[in-house]
Amino acid sequence: MSIPKAYLEHVAIRVRDIHWHIRFFGDVLGMTMREVDGTADAPRQYWTLGGMQFIHDPGFEGTEGRLAHLGVMCADLDAALAAAQGHGVNTLPQGRNWLRLPDGLALELIQAKPASCVAQALAIDPRAEA
């Protein structure tokens with residue numbers, strides 16, 4: 001059996017002040033909006049180019065529970081789901097592509113379209129000299 005290929009597409013975190021995070025990651029790291037759930041004035045969730053997903057949670061306190069889930073882009077979603085079955089994972093209510101690992105970490109597996117973008121992303125060496 002060949003091992004499915006994938007890469008980390010986004011990290012989802014709960015934040016109390018979503019606007020502060022949007023400004024910080026935009027101003028400091030150049031991570032601009034890729035997608036928004038809600039409006040720019042009142043976002044419920046905000047995804048950046050660069051792999052951050054902020055989930056607005058005004059009542060959030062502390063670091064425990066800050067990490068909501070990891071979004072993983074898969075070249076072959078069905079193969080990845082089949083491979084996961086032997087590792088004691090559970091499917092979450094959000095759908096068959098949402099997995100809870102035995103230690104509680106949640107993964108959202110996403111089918112890459114086109115599948116070849118996974119190979120392209122994995123070929124990038126961010127530390128390579130230009």
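Reader: Why is Trp-20 called partly exposed?
Author: Trp-20 has a relative accessible area of 41%. Buried means under 20%, exposed over 50% and partly exposed in between (1.4 Å probe, protein chains only), so Trp-20 is partly exposed. Phe-24, at 31%, is partly exposed as well. The model is a predicted one, in which local features need pLDDT of at least 70 and side-chain atom pairs count only at pLDDT 80 or more, while totals for chains, interfaces and linings use all residues. Residues are numbered from 1 along each chain as its sequence is written, and side-chain values use heavy atoms, with hydrogens and water left out.

Reader: What makes Trp-20 and Phe-24 a stacked pair?
Author: The structure holds three aromatic pairs. In the pair of Trp-20 and Phe-24, the ring centres are 5.0 Å apart and the planes stand at 10°. Rings of Phe, Tyr and Trp (its six-membered ring) pair if their centres lie within 6.5 Å; planes under 30 degrees apart count as stacked, over 60 as edge-to-face and the rest as tilted. The pair is therefore stacked. Trp-20 and Phe-24 lie four residues apart in helix H1 (residues 18–29), hence about one helical turn; helices (H or I, at least four residues) and strands (E, at least two) are DSSP runs, numbered from the N terminus.

Reader: Why is the pair of Phe-25 and Phe-54 called tilted?
Author: The planes of Phe-25 and Phe-54 stand at 55°, with 5.2 Å centre to centre; this angle falls in neither the stacked nor the edge-to-face class, so the pair is tilted. Phe-25 lies in helix H1 and Phe-54 in strand S4 (residues 52–56), 29 residues apart. Both Phe-25 and Phe-54 are buried.

Reader: How do you know that strand S8 is largely enclosed?
Author: Five of the six residues of S8 (residues 106–111) are buried, so the rest of the structure largely encloses this strand.

Reader: What makes S5 and S7 partners of S8?
Author: Two strands pair if DSSP finds at least two bridges between them. S5 (residues 67–74) runs parallel to S8 with five bridges, and S7 (residues 95–100) is antiparallel to S8 with three; both therefore qualify. Glu-108 of S8 is the bridge partner of Gly-71 and of Trp-98.
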